[in-house]
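This report walks through one protein model, part by part. The sequence and the structure come first, and the notes follow.

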Amino acid sequence: MDCRPFFFKRFGMFHHRSTMRIGTDAVLFAQWVDVKPSDCALDIGTGSGVIPLILSQKGIGSVDAVELDKDSYEEAKQNFEISVWNEKLKVINTDVRIFADDVNENYDLIVSNPPFYASDVKPIKEKKVMARHVSTLSFNDLLISAKKMMKGDARFAVVLPFYESRLFIKEAEGLGFHLQKEMQIIPIEGKDANRVNMQFVLNEVDEVETELFTIRNKDYSYTEDYKIFLKDYYLDF
């Protein structure tokens, strides 16, 4: 196992013990999410903590993170402690459903890169199952938990595969959420979108803002849009 830290331009972090390693989904999502210096945010299922660290680099006020898996929690805790933003970051080892019932905080922003395969075909490894499937946290559980902790004008942002995103939007609407904006992510020019960043609010929305974003050109090189979008993070950009 490669236990070396992963280095971004302004921070390094460990991710070999977490349920899922650092990936494009989380980095793109964290950069896409709107943040304000006054925001008190919550990350549900933080893994190694990459989303709170990127939000911190973007200037957010503070981020609490909830993580059920003990190894992931310990790694996120370590990553937060060694970062220059350690005073604004906190991770809690608990089930978000329990946390939502007990916490006294209402958040301005809630984010999540949640379990996402709703099918019954599951990876073999137990931690992959926890990270990739809704068997431990259903979309309904996630939405209800988030709604309990949101301020009236708060935003709730989620990244999911395209098919699951359509299911999630329907479930969210049934619970009083309104899709405010989305980024449909195309892996290679000419292909269909396979991931969607979504931001929901509890107030009515006049029109949903939708954008398409392509990661790679047909020759598999990164698009200029992708390099510009993530230039503050990846060393090669």
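## Charges over rings

The charged end of Arg166 is placed over the ring of Phe162, and the distance to the ring centre is 4.7 Å. The model is predicted. A second case involves Lys181, which lies over the face of Trp32 at 4.5 Å from the ring centre.

## The sheet

Eight strands make up an open sheet with mixed pairing, and their order is S5-S4-S3-S6-S7-S9-S8-S10. Strand S5 (89-93) and strand S10 (209-216) are the edge strands, each pairing on one side only. From one strand to the next, the twist averages 15°.

Within this sheet, strand S3 (residues 40-44) pairs with strand S4 (residues 62-67) in the parallel sense, over five bridges. Ala41 stands opposite Val63 in S4.

## Helices across the strands

Helix H2, residues 50-57, lies across S3, S4, S5 and strand S6 (107-112). Its direction is at about 175° to S4. Helix H3, residues 70-82, lies across S4 and S5 and runs at about 165° to S5.

Ser56 is a residue of helix H2. Is Ser56 buried or exposed? Ser56 counts as buried because its relative accessible area is 2%, and the limit for buried is under 20%. The side chain of Ser56 reaches the backbone oxygen of Pro52 at 2.8 Å. Leaving aside residues up to four places away in sequence, Ser56 touches Val63, Trp85, Lys88 and Leu89. Val63 is also the residue in S4 that stands opposite Ala41.

## Aromatic residues

How many aromatic pairs does a search of the whole structure find? The search gives 16. One of them is the edge-to-face pair of Phe11 and Trp85, with 5.8 Å centre to centre and 75° between the planes. This pair links distant parts of the chain, 74 residues apart. Phe11 is in the loop between strand S1 (6-7) and strand S2 (12-13), while Trp85 is in the loop between H3 and S5.

Both Phe11 and Trp85 are buried. The two residues also belong to one aromatic cluster, together with Phe6, Phe8, Phe213, Tyr222, Tyr226, Phe229, Tyr234 and Phe237.

## A loop residue with positive phi

Tyr220 is found in the loop between S10 and helix H8 (224-229). Its phi is positive, about 75°, although Tyr220 is not a glycine. Tyr220 counts as exposed because its relative accessible area is 53%, and the limit for exposed is over 50%.

Terms used
Residues are numbered from 1 along each chain as its sequence is written. This is a predicted model: local features need pLDDT of at least 70, side-chain atom pairs count only at pLDDT 80 or more; totals for chains, interfaces and linings use all residues. Side-chain values use heavy atoms; hydrogens and water are left out. Two strands pair if DSSP finds at least two bridges between them. Helices (H or I, at least four residues) and strands (E, at least two) are DSSP runs, numbered from the N terminus. Axes are lines fitted to C-alpha atoms, for helices over the stretch in contact, and angles run from 0 to 180 degrees between N-to-C directions. Contact means heavy atoms within 4.5 Å. Buried means under 20% relative accessible area, exposed over 50%, partly exposed in between (1.4 Å probe, protein chains only). A polar contact is a pair of N or O atoms within 3.5 Å; within protein, one must be able to donate a hydrogen and the other to accept it, and residues adjacent in sequence count only if both atoms are side-chain atoms. Rings of Phe, Tyr and Trp (its six-membered ring) pair if their centres lie within 6.5 Å; planes under 30 degrees apart count as stacked, over 60 as edge-to-face and the rest as tilted. A charge sits over a ring if NZ of Lys or CZ of Arg is within 6 Å of the ring centre and within 35 degrees of the ring normal.
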